[in-house]
Amino acid sequence: MERNSSRVRRLDATTGHIESPRDRKGNVMFALAVMNGLVIGVIYALAALGVSLVVGIMNVVNFAHGELYILAGYFSYLFAGALGVNFVAAMIVAVLLVFLFGLFVEWVLIRPTYGNDMYSLILTFILSIVLQNAYLLIFGPYPNKPPGWVGGATNVFGLFYYGNQRLAALAAASVVIALLFVVIKKTWFGRIIRATSQDREMAELNGVNTTRLNMLSFGLGCALAAAAGVILAPVFPVTPTAGLPVALTAFVVVVLGGMGSLWGCVLGGLILGLVENLGAAFISTGYKHLFNFIILILVLLIRPAGLFGRREA
Amino acid sequence: MTDKRFYQVLVPAVVLFSFLPFGLGSYHLHVVIVSLFYLMMASSWNLLAGYTGQVSFAHAAFAGIGAYASGILAVRFGLNPWIGVVVGTLMAALLGLAVGVLCLRMGGIYLSLTTLGFSEILRIIITNEYEVTRGTMGLQVPGLFAEYSKVGYFYVMLGAAVLTLIIIYRLIHSNIGLNFRAVQNDERAAASLGVDVVRVRVLAFTVSSALAGMAGGLYGHYLLLITPEIPSLDQQFLVLSMTVIGGMGSFPGPIIGAFSLEILSEYIRAYGEYHVLVFGLIALVAARFAPNGLMGLATGRLMRRRAPEKTVAAAAKS
């Protein structure tokens, strides 16, 4: 930001413009970056919640998380775009299908690896490459986009016009996150999830069927990735490899927030979304994703357990 | 396998291999050279994953560091490629040490996450800094020899592969190797017996990254063109599947995996885009149903055949 402001001042000196319009431009740019950061940050939070939930309960990191996000985007593109189904129905069906796919993956691939974390890492990594290449064969390398929900733009605080689709995505993602929190904090199912992620053996002793819970929560994690995918696909079209940056950001969010912490995901997602967009606006667009990595390194150096992490590793 | 038996197998194999240039044409020699590169990559990845139980997704990235460090030094500063490969190896070792120290305090999952991020960042840097790296166009680098000689490269790669195998073998059969396996089997028990778990992991990661850097440096000077393909995740995936299919945690596993998959990939290359997908499916099935790979299948079969013999012998004795 400092570099940018000095550049603006130098430009002023050479062109002789008065200071105030440029300041205003800088302000608008800042506000726009913050707005973009909020929208994308909420989506990151949503994607990261899926990862965190699975890590908390099963101690498994799903490296195919980003590919499931993309899968949901493709499903909603297929149903709403190519088949012309109502977009809400298309989104719900897409998330449901990914949920079922998640259950299947847990049953076939992940369940036999319990007790050996390394194999689940390897299996989900291979799965991500398989899915990427399958998408490439089926849909080609071109970006695909389901139709938008709403058109037009809204004037935000009299500063700039902002696409309604993005505002709708912000609202939809916030609603899904709120619903998830209600489920986890207020319902019987949520209590089982919290109990198991706190102490697996105790939960088992109290009669929790952890095998079935693993399957359900893995599916739920995939469904959260899918929800992020269907919400964001009309804004950022899906390509076969677009899942990796989203998944990586979700992983960084989980580490930043603390493995298994849900509030950490929300806060971490917003922080990363804001940093990424402010960095892209004021420092360099090409290195947008580098900022995430710098944050990851800082977290590991200063507070490896994350913002809300439990101390033990 | 005792030391003596290891060299009894290694020496004849190397002698046999060194006759290959007399019998093989240029194309087949190329396949063998590429296989030797993958042998180094898969074996050194196995040192980390198979013997200490940590999964790094940046192994190809470290090969890329070796290749780009050596290539850029040669192109920009006219450094001798042989010295460049050494510098590239050291660079990979240093970065490996840094990444290892950074995330291995927190356990294996953090290494996997960080290394995945690391290789993605490396890709971004390489494509963004195209003035230095030539981005996706690829960086043209000088060869190791003044005059191009495929046979020369073959012997260099063979020498490097043998060196890699000896380093890995000696390491896993030393006290340090015992610590590696202790940490893999039961971290807490190892720590309670005085093994410095973090240091053991960092050491394994550093050595493995350095070996990848050396392999990548040599490979880059063999191809004469360094592209972001070398540090890509697709490449990482190939190395991983070779190790998993060959047999993780066994010494010959990655060697078998590297040769069989590289040769297989030459056959199915004709199908172009299906090639990675087919590999992925094979690797998925192998990792799920035969977690010890081809080596596991082979020894399992042998054990089963031997087991009844033993009982028969025992019965005869009684």
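# A chat about chains A and B

Biologist: How many C-beta neighbours does B:L224 have inside 10 Å?
Modeller: B:L224 has 15 C-beta neighbours inside 10 Å, so it counts as partly exposed. Buried takes 20 or more other C-beta atoms within 10 Å of a residue's own, exposed takes 12 or fewer, and partly exposed is in between, with C-beta atoms placed from the backbone. This is a predicted model, where local features need pLDDT of at least 70, side-chain atom pairs count only at pLDDT 80 or more, and totals for chains, interfaces and linings use all residues. Residues are numbered from 1 along each chain as its sequence is written, while chains are lettered from A and ligands numbered from 1 in the order in which they are written.

Biologist: And where does B:L224 lie?
Modeller: In the loop between α11 and β2 (225–226) of chain B. Its phi is positive, about 70 degrees, although B:L224 is not a glycine. Helices (H or I, at least four residues) and strands (E, at least two) are DSSP runs, numbered from the N terminus.

Biologist: Over to chain A. What about the phi of A:N59?
Modeller: Positive, about 60 degrees, and A:N59 is not a glycine. A:N59 sits in the loop between α2 (19–58) and α3 (65–82) of chain A. A:N59 has 16 other C-beta atoms within 10 Å, so it is partly exposed.

Biologist: Which elements make up chain A?
Modeller: The secondary structure of chain A is 12 helices and 2 strands. From the N terminus, the order is α-α-α-α-α-β-β-α-α-α-α-α-α-α.

Biologist: What about the radius of gyration of chain B?
Modeller: Chain B has 15 helices and 2 strands. Its radius of gyration is 20 Å, close to the 20 Å from the globule rule for 318 residues, so chain B is as compact as a globular protein of that length. The box for the C-alpha atoms of chain B is roughly 75 × 50 × 40 Å along the principal axes. Of the 318 residues of chain B, 48% count as buried.

Biologist: How many residues of chain A are in contact with chain B?
Modeller: 34 residues of chain A are in contact with 34 residues of chain B. Contact means that the C-beta atoms of two residues, placed from the backbone, lie within 7 Å.

Biologist: Which helix of chain A gives the most to that side?
Modeller: α5(A), with 15 residues. α5 (117–139), α10 (243–257) and α12 (288–302) of chain A each supply at least two residues. The side of chain A that touches chain B has 30 nonpolar, 3 polar and 1 charged residues. Here Ala, Val, Leu, Ile, Met, Phe, Trp, Tyr, Cys and Pro count as nonpolar, Asp, Glu, Lys and Arg as charged, and the others, Gly among them, as polar.

Biologist: Back inside chain A. What does A:S261 touch?
Modeller: A:S52, A:G306, A:F308 and A:G309, leaving out residues up to four places away in sequence. A:S261 is in the loop between α10 and α11 (262–282) of chain A. A:S261 counts as buried because it has 23 C-beta neighbours inside 10 Å. From A:S261 to A:S197 is 64 residues in sequence and 9.9 Å in space, C-alpha to C-alpha.

Biologist: Now α8(B). Which of its residues are buried?
Modeller: Among them are B:Y153, B:F154, B:M157 and B:L165. The buried residues of α8(B) pack against α1 (3–18), α2 (20–23), α3 (26–52) and α11 (197–223) of chain B.

Biologist: And what should the 23 residues of α8 of chain B span?
Modeller: At 1.5 Å a residue, they should span 33 Å, and the end C-alpha atoms of this helix (residues 150–172) are 33 Å apart, which agrees. The expected span is 1.5 Å times one less than the number of residues.

Biologist: How far apart are the end C-alpha atoms of α13 of chain B?
Modeller: They are 24 Å apart, which agrees with the 24 Å that the 17 residues of this helix (residues 252–268) should span. The buried residues of α13(B) include B:P254, B:I256, B:L261 and B:E262.

Terms used: Rg over C-alpha atoms; globule rule 2.2 N^0.38 Å.
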